[in-house]
Amino acid sequence: MKNRQLKNYLLLTVLAVAAACGTQKPKPEALDTAVLHDDGKTAVVENVQQHPGEKIYDKNCKVCHQVNGQGVSSIFPPLTPNSFIEDKAQIIEIVLNGMKGDIEIDGENYNGLMTPHKHLSDQDIADVISYVRSSFGNELDPVTPEEVQSAR
């Protein structure tokens with residue numbers, strides 16, 4: 001019986017690592033997550049909801065700002081708590097119209113190019129900004145599609 005539990009645990013671990021590496025596409029609406037309990041038993045918690053902005057982030061943002069939102073030193077700023085993320089109007093403006101030139105965040109200078117994302121719908125922009133504002137250590141209010149539309 002222990003061999004079967006170990007095999008199940010290893011299988012779930014391999015699937016989780018493969019999904020994290022992008023070799024296996026997760027279902028967009030819900031993910032199954034393996035949980036290892038203190039007693040060594042595993043359980044599968046089904047239907048863990050994925051934030052609607054996460055998929056948009058993965059497609060449009062993570063190549064520069066990284067999976068963990070840390071950015072790239074002196075090029076692409078982090079999306080961790082900072083004044084650019086806190087200011088709704090400013091972050092909407094940056095996502096819509098892009099940004100270039102020097103900026104300073106928490107004492108570090110960055111000089112990368114943020115391309116405009118006007119091609120995304122108001123809903124998509126609201127979703128991705130809301131995802132960032134609730135991830136990477138941020139605990140901020142979501143952005144609405146109406147706020148994005150009024151900024152266009």
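Which residues does I129 touch, not counting residues up to four places away in sequence? I129 touches I91, I92, V95 and V143, where a contact means heavy atoms within 4.5 Å.

Before I continue, a word on the source. This is a predicted model, in which local features need pLDDT of at least 70 and side-chain atom pairs count only at pLDDT 80 or more, while totals for chains, interfaces and linings use all residues. Residues are numbered from 1 along each chain as its sequence is written, and side-chain values use heavy atoms, with hydrogens and water left out.

How confident is the predictor? The term pLDDT is the predictor's confidence in each residue, from 0 to 100. The chain has a mean pLDDT of 81, and 68% of its residues reach 70 or more. Two stretches call for caution. Over residues 10–15, pLDDT stays under 50, and the model has 4 contacts for them beyond four places in sequence. Over residues 17–30, pLDDT also stays under 50, with 15 such contacts in the model. Where pLDDT is low, the predicted coordinates should not be read in detail.

Let us turn to the overall architecture. The chain has 7 helices and 4 strands; helices (H or I, at least four residues) and strands (E, at least two) are DSSP runs, numbered from the N terminus. From the N terminus on, the order is α-β-β-α-α-α-α-β-β-α-α. Of the 152 residues in the chain, 28% are buried. Here, buried means under 20% relative accessible area, exposed over 50%, and partly exposed in between, with a 1.4 Å probe and protein chains only.

In α2, G53, I56 and Y57 are buried. They lie on the same side of α2 because they cover an arc of only 105° around the axis; the arc is that of the directions from the helix axis to the C-beta atoms. On the other side of α2, K55 and K59 are exposed. What covers the buried residues of α2 includes α3 (62–65) and α6.

Finally, I turn to the charged pairs. The structure holds 2 salt bridges, each being a side-chain nitrogen of Lys or Arg within 4 Å of a carboxyl oxygen of Asp or Glu. In one of them, E147 pairs with K88, and the closest N and O atoms are 3.3 Å apart. This pair links distant parts of the chain, with E147 in helix α7 (residues 145–151) and K88 in helix α5, 59 residues apart. R152 forms a salt bridge with D122, the closest N and O atoms being 2.5 Å apart. R152 lies in the segment after α7 and D122 in helix α6, so this pair ties together parts that are 30 residues apart in sequence. Thank you for your attention.
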